[in-house]
Amino acid sequence: MMRGDRKLVWMIALLASTGAISLPVFVVGQKAATPAVATKAHTASAAKQNEELPKMPLFRFDNFTTANGLPDNHVYSVLVDGDRIWAGTENGLAVYENHAWKTYTTKDGLAHRAVLSLALDKRTGDVWAGTMGGLSRISAGRIDTYTQMNSGLSNDVVYGVSVEGENVWVATAAGACRLDLRTGQWTLYNERNTPMIEIWVYGVSATPTKVYFGVWGSGVLEYTQATGRWDKYEDPDGETEMVLFKDQGLIHEIVSSVSYVDNILWASTYFGDSRYDGRYWHNFLTKDSGLPSNFTNSVKGVDANRAWFCTDKGLAYYDGANWAVYRPALAGGKPEMTVRDAKGHVTRVAVSTAPAHNYILGIDFQGDDIWVATAKGLSHGFRQH
Amino acid sequence: MIVLLSHYGWRRVFAAALAGSGALLLGIVLPMVIRPAQAERRSTNEDFVNYASPLELLFSPDGSRLYVLCQQSQQVRVLDASSFALIKNIAVGGVPRGIALSSKGDRLYVTNSWDDTVSAIDTGALDVVATWHVGAEPSGIVADPNAAHLFVANRVSDDVAVLNAQTGEEEKRLAGGRGTSYLTLAPDGGKIYATHIYPNPSSRRTGLENRTAPESEISVIDAKRATVMDRIPLHSIAGVFHLAFSRDGRLGVVVEYHPKNLVPLAHLEHGGAFAYTITLFGTMVGKPVEVPLDELDRYASQPFGVAISYDSSRMYITLGGSDAVLAIDVRRLLNFVNARPRPASGSYAADLSASSNYVIARIPVGHNPRGLALSADGRRLLVANRLDDTISVIDTNTLRVSATVELNRQEPVNVLRRGEQTFYSAHYSFQGQIGCSSCHIDSTFDGLTWDLEPDGFGVDIVDNRLLEDLRGTEPFKWNGGNPNIPTECGPRTEKYFWRSENYDDLTLSDLTVYVRTMRLRPNRWRLPNGELTAAQERGKAIFERSVDRFGKPITVENQCSYCHSGPKGTSQKSFDVGTRKATDESGLFDTPQLANVAMTAPYLHDGSARTMEEIWTIFNPADKHGRTNDLTKDELNDLVEYLRTR
């Protein structure tokens with residue numbers, strides 16, 4: 001599949017999921033991701049549910065849309081910054097503070113109206129925004145913008161950004177790069193100096209020891225800071241449409257995001273997800289996990305065992321053994337939560353709220369609460385228990 | 001030595017050469033070039049005088065001592081605050097610029113701007129007890145009241161370094177404005193206010209970035225969290241210096257330059273070059289408001305230091321270009337800004353009659369007054385006259401200088417010192433409006449583009465350039481029209497800039513020597529051992545290449561190293577590099593030197609390139625400014641990395 005084709009497919013999938021168009025479910029080359037709840041649903045009494053149900057987090061969701069202050073309902077990214085919430089939308093960068101939204105646009109100096117990714121420099125409080133037209137730093141209201149024309153940024157389409165110490169790591173449509181904030185030097189990483197075959201870098205997760213890149217079509221790249229060594233992880237079977245060797249490597253080479261937490265790598269792809277502890281891989285597919293879909297836009301690890309998966313069919317939480325899925329029902333849109341225990345038993349949990357849409361693009365944590373970026377608004381999940 | 005070098009000896013020779021140079025072209029050029037060069041050798045070597053150049057003053061917490069930061073002698077002079085007797089000279093690092101006390105007064109911190117270090121001085125022993133590395137060109141410094149952090153403004157790296165106050169270890173850097181330079185701790189200790197001397201770059205590309213009013217800011221730092229919490233915009237301001245608060249913290253004031261670089265400088269006599277202003281902020285004024293210091297027929301050129309009396313009745317401001325201190329009645333000032341509807345812009349800068357409402361005295365002091373300090377009882381205001389090596393003691397009751405303390409009593413005034421005094425003086429311009437240093441702040445540049453010539457609005461816009469290490473970079477001006485510095489600084493300046501008074505020959509020769517001997521500040525992008533990084537080496541190869549990536553020869557005149565040749569990076573010739581605008585008289589432009597090019601944005605003759613990258617990504621479509629369109633992004637980055645080492 002050519003890169004342009006892939007992009008087109010991704011966009012079609014987005015439109016389909018938002019209801020803008022109707023498509024058969026095979027559009028992205030995967031089998032229809034039938035929710036596990038439909039195949040393994042158990043009918044159980046309320047008493048039995050309470051007795052056997054794994055204790056998974058329950059949320060009450062408040063949803064923000066253009067009706068209550070968001071500049072756009074397509075929310076690509078979300079970032080929690082203390083009491084402030086940043087939402088990267090298709091039409092500006094919105095910040096929620098003191099119960100009110102403020103939006104930064106290109107008139108304020110934002111690189112582009114479509115904000116794809118966000119990262120917080122916890123030391124300085126500065127927010128970095130990756131957009132469709134460059135990289136912007138928002139520092140106490142001032143916006144400094146870096147583009148491929150005015151700086152060493154490799155490409156203006158910035159899919160991912162991650163801050164580590166004095167370095168800002170950037171995933172772009174033409175390779176990855178690093179901005180050294182001390183020296184102002186840009187270093188580019190692409191097919192000329194890394195094992196990257198495709199240069200469409202979708203995600204980056206940086207720590208002082210390792211930096212991981214999720215590359216669309218080129219697997220996961222690992223950069224070891226101390227040695228400058230590059231390693232590459234690919235789908236060992238090399239098959240796009242099937243999985244021959246499930247836990248023997250990365251689930252698929254079309255990687256949409258990476259999250260490196262507690263020395264564990266979580267990687268999402270459009271064909272399932274992976275966890276890597278430095279020695280062993282463990283993969284997740286709808287057929288043998290609680291994932292609601294193999295098409296995963298992003299993953300965010302909580303720690304070595306827990307992670308959140310943002311899929312096109314709902315938000316999934318994995319606690320190391322059990323799964324929970326939060327979404328409006330695919331048919332009818334009624335709020336829905338399901339729990340899948342370690343044995344594969346799936347139970348519906350009665351809920352009255354759900355994320356704004358089942359097409360989930362991003363998540364961040366505010367204490368026990370979660371903030372969820374969806375294709376039809378931003379959702380605040382208040383932890384109930 | 002002094003006999004030969006004495007100011008008047010060689011000046012007479014040079015003056016005679018100048019005076020007799022009117023007839024023949026050669027007669028003009030040769031004496032101008034040769035004589036100053038001879039004088040420079042004498043002045044910089046044999047005639048070296050270790051002036052003190054007091055820049056900042058600070059009383060000890062008990063008021064018994066006065067700490068004087070002496071920039072040229074690179075010392076802190078500790079004086080008895082009553083008798084001004086010398087207690088001790090403490091040697092610090094290169095070109096010190098900022099000074100601050102710890103909250104307990106047991107440590108005195110000094111920034112050494114050319115060494116990129118901070119000296120920590122034990123105020124008991126009066127010795128340097130530690131030297132810590134910080135960012136590029138550390139300037140202002142403050143200690144937070146909890147003794148946890150030191151905050152250091154780095155002028156070249158445009159940030160504020162946060163250091164552990166005990167160990168000096170740098171914890172992080174906060175983004176400041178461009179040329180971050182001065183820091184002030186709010187009276188309650190909760191916030192630190194940072195100012196910067198160059199305007200912030202435009203964040204949006206509109207095609208008219210070089211013709212829009214400059215924007216500056218006050219960066220407000222949360223002292224406890226050590227993060228930037230707010231930025232107070234300063235519209236149309238470029239050049240922001242010291243900041244002060246009333247004791248209760250309800251009134252803040254910052255001194256600044258308000259350049260009028262969008263109109264031709266020919267309008268100087270209409271007030272068209274600068275306003276010198278202050279911006280007031282805080283609960284006493286509500287929204288920030290800008291008010292002028294200038295009078296109807298007399299400018300308050302180059303304000304630098306500011307202090308508010310303890311009872312908040314008076315405000316004092318040093319005027320570096322006017323050799324004076326302004327005294328302002330704060331009550332009348334507040335009445336002026338609060339008792340009438342304000343302009344929508346929040347600025348009274350255009351109202352030259354405004355200052356008569358609140359300026360109550362203009363007190364003449366020495367050359368280039370900078371830092372000031374009020375005694376605890378409020379009766380004495382001390383002013384550091386940087387280019388006189390004196391401290392003026394002003395009686396705040398009479399608003400007159402009651403005494404002058406000489407720091408270097410025995411030293412003669414030599415050529416360089418007179419030249420520097422001329423450079424910083426606004427005496428020669430119409431109504432004392434501008435001096436060289438109005439645009440060449442601290443002998444550098446101002447980050448602005450100017451419409452200098454009287455050829456119409458918007459014609460021949462030119463970027464301001466760095467003055468350091470100019471020998472061997474002639475001719476001057478972007479059109480290469482001035483063959484040497486005497487021409488550049490003499491008739492041209494007198495005719496187009498000052499519009500009032502010319503230099504006499506001796507003064508021009510002094511100025512010429514000073515400008516030609518300005519040292520080049522350290523390059524911050526080179527490795528300490530002088531070697532190049534791998535990226536810089538690759539960039540150097542691109543700079544020097546003669547074949548493009550497709551194996552085709554690059555014509556000699558299209559190789560970077562042809563026009564930017566020699567140690568200074570200039571062939572001293574003019575070329576058409578395809579950057580002519582419809583408003584330019586010619587497409588031929590002088591090849592600028594590359595010395596410290598990384599710090600001199602914007603670029604190109606008219607400042608239309610905000611960054612070095614834009615020179616080639618936007619303004620070189622036909623490869624006339626070197627063969628660059630074959631380069632990959634990686635290679636262009638390498639080229640930029642190399643240029644930053646020049």
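Predicted model: local features only at pLDDT ≥ 70, side-chain atom pairs only at ≥ 80, totals over all residues.
Residues are numbered from 1 along each chain as its sequence is written, and chains are lettered from A in the order in which they are written. Local features need pLDDT of at least 70 and side-chain atom pairs pLDDT 80 or more, while totals for chains, interfaces and linings use all residues, and side-chain values use heavy atoms, with hydrogens and water left out.

**Chain A**

Chain A contains three helices and 30 strands. Helices (H or I, at least four residues) and strands (E, at least two) are DSSP runs, numbered from the N terminus. Of the 385 residues in chain A, 61% are buried; buried means under 20% relative accessible area, exposed over 50%, and partly exposed in between (1.4 Å probe, protein chains only). The accessible surface of this chain is about 15100 Å², and carbon and sulfur atoms hold 49% of that area. Areas were computed by the Shrake-Rupley method with a 1.4 Å probe, and for residues only the protein chains shown count as cover. Among contacts in chain A with a separation of 6 or more, 48% are between residues 24 or more positions apart, where contact means heavy atoms within 4.5 Å.

**Salt bridges**

Over all chains the count is 49 salt bridges, each being a side-chain nitrogen of Lys or Arg within 4 Å of a carboxyl oxygen of Asp or Glu. Three of them are listed here.

| Pair | Closest N to O distance |
|---|---|
| Arg306(A) and Asp303(A) | 2.9 Å |
| Glu217(B) and Arg231(B) | 2.6 Å |

Arg231(B) belongs to strand β16 (residues 227-235) of chain B, so the bridge from β15 ties together parts that are 14 residues apart in sequence. The relative accessible area of Glu217(B) is 4%, and Arg231(B) is buried at 9%. A network of salt bridges with shared partners joins Asp121(A), Arg123(A), Glu166(A), Arg182(A), Asp159(B), Glu170(B) and Arg173(B).

In the pair within chain A, Arg306(A) is partly exposed at 33% relative accessibility, whereas Asp303(A) is buried at 17%.

Because 10 of its 12 residues are buried, α8(B) is largely enclosed by the rest of the structure; Leu508(B), Leu511(B) and Tyr514(B) are among the buried ones. At the N-terminal end, Asp504(B) caps α8(B), with a side-chain oxygen 3.0 Å from the backbone nitrogen of Leu506(B).

Helix α12(B) (residues 633-643) is also largely enclosed, because 10 of its 11 residues are buried. Leu636(B), Leu639(B) and Val640(B) are among them. The cover over its buried residues includes β13 (186-189) of chain A, as well as α9 (534-544) and α11 (612-617) of chain B.

**Domains of chain B**

The assignment gives domain 1 (59-203 + 213-370) and domain 2 (534-643) in chain B; such bounds come from an automatic or database domain assignment. Their C-alpha centres lie 37 Å apart. Four residues from domain 1 and five residues from domain 2 take part in the contact.

Definitions and conventions: Polar contact = N/O pair within 3.5 Å; in protein donor to acceptor, adjacent residues only side chain to side chain.
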